[in-house]
Amino acid sequence: MAGVSRLQYTTETRLIRVMCSGRVDLEFVLRAFLNGMDGVFIGGCHLGECNYITHGNYHALNMVLLCRKIMEHIGLNPERLRVEFMSAGDGILFAEVMGDFGKKVKALGPLGKGEDIDQDELKVKIKEVIKLIPYIKIVEREKLASHLENKEDYDELFTSDEIDRLFSEVTSYYIDPEKCRACGTCLRKCPADAIIGAKKQIHVIDQEKCIKCGTCFEACPPKFGAVTKYSGEPVPPPIPEEERTIVKKTKNNKE
Ligand code: SF4
Ligand code: SF4
């Protein structure tokens, strides 16, 4: 509507159309910042008026509220991310909001410089958060499904303490080589292909690929209980490849 009506808004804007604001993933926003965008604006339909039964605009709102707290956690000004809800006929409102957001982002300065964070350090921080997105979504899944009706509740959905804790207590998973019996259950169920193993070989987790979903922890049969959780501390290194073969017990050989 803003374009059809020839309304003016900030020329620094780059528009990306999506079918629904709920399609804008946390990763898209962080990648935009990683690629040097100084601000990200998400426009969605009015809350409660989503065309889809999924109510994607509530997802967009919750994702933005979470992302703003994550931005604070890594030292970025959360004002660089904004979400607004309006209808296709709200061209004037859209142009006003974009003008206002453009001014705000200009006042904040280039990403990172405005916050006095070294560019390389900032990239490392953003990449670390991107890697943890699946984990963050699992931990915050209930809140991410909220339908907040009052703006007064927005600030309380995610708290800074909660987000600091989320990052300091990141859970990692490790397969205890003494307990693994190479049954292969975890390998078959891992959604990230992060488990390395074969018949009669102790399985190990590739921590670079692991998305910390905890499926292996749940899947390992209780009689083995080989998958261990590590919260907020590094996991031990994997057992060397040449030591992974499981030697069966015999009368003369007791493993
Ligand atoms: S936690 Fe386990 S199942 Fe989940 S990605 Fe990591 S290794 Fe795979
Ligand atoms: S499910 Fe448990 S015992 Fe089976 S391969 Fe995985 S870690 Fe080993």
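This is a predicted model: local features need pLDDT of at least 70, side-chain atom pairs count only at pLDDT 80 or more; totals for chains, interfaces and linings use all residues.
Residues are numbered from 1 along each chain as its sequence is written, chains are lettered from A, and ligands are numbered from 1 in the order in which they are written. Local features need pLDDT of at least 70 and side-chain atom pairs count only at pLDDT 80 or more, whereas totals for chains, interfaces and linings use all residues.

The chain is divided into domain 1 (21–168) and domain 2 (171–243). These bounds come from an automatic or database domain assignment. The C-alpha centres of the two domains lie 33 Å apart. Domain 1 and domain 2 each give 4 residues to their contact, where contact requires C-beta atoms, placed from the backbone, within 7 Å. On the side of domain 1, helix H5 (residues 133–139) provides the largest share, 3 residues. Helices are DSSP runs (H or I, at least four residues), numbered from the N terminus. This side of domain 1 has 3 nonpolar residues, 1 polar and no charged. Here Ala, Val, Leu, Ile, Met, Phe, Trp, Tyr, Cys and Pro count as nonpolar; Asp, Glu, Lys and Arg count as charged; the others, Gly among them, count as polar.

Two ligands were examined. Around ligand 1 there are 13 residues, and the closest are Cys190, Cys210, Cys213, Thr215 and Cys216. A residue counts as near if its C-beta atom, placed from the backbone, lies within 6 Å. The shell of ligand 1 comprises 10 nonpolar, 2 polar and 1 charged residues. Ligand 2 has 15 residues around it; Cys180, Cys183, Cys186, Cys220 and Ala226 come nearest. Its shell holds 10 nonpolar, 4 polar and 1 charged residues.

Two helix pairs follow. Helix H1 (residues 26–34) packs on helix H4 (residues 119–131) at about 165 degrees, with axes 10 Å apart. Axes are lines fitted to C-alpha atoms, for helices over the stretch in contact, and angles run from 0 to 180 degrees between N-to-C directions. H1 and H4 are therefore roughly antiparallel (an angle over 145 degrees). Their contact involves Glu27, Leu30, Phe33 and Leu34 of H1 and Lys123, Ile126, Lys127, Val129 and Ile130 of H4. It contains 6 nonpolar, no polar and 3 charged residues.

The axes of helix H2 (residues 56–73) and helix H8 (residues 160–168) come within 9 Å and cross at roughly 70 degrees. H2 is therefore roughly perpendicular to H8 (65 to 115 degrees). Lys69, Ile70, Glu72 and His73 of H2 meet Ser160, Ile163, Asp164 and Phe167 of H8. This contact has 3 nonpolar, 2 polar and 3 charged residues.

Key
Two residues are in contact if their C-beta atoms, placed from the backbone, lie within 7 Å. Angles under 35 degrees count as roughly parallel, over 145 as roughly antiparallel, 65 to 115 as roughly perpendicular and the rest as oblique.
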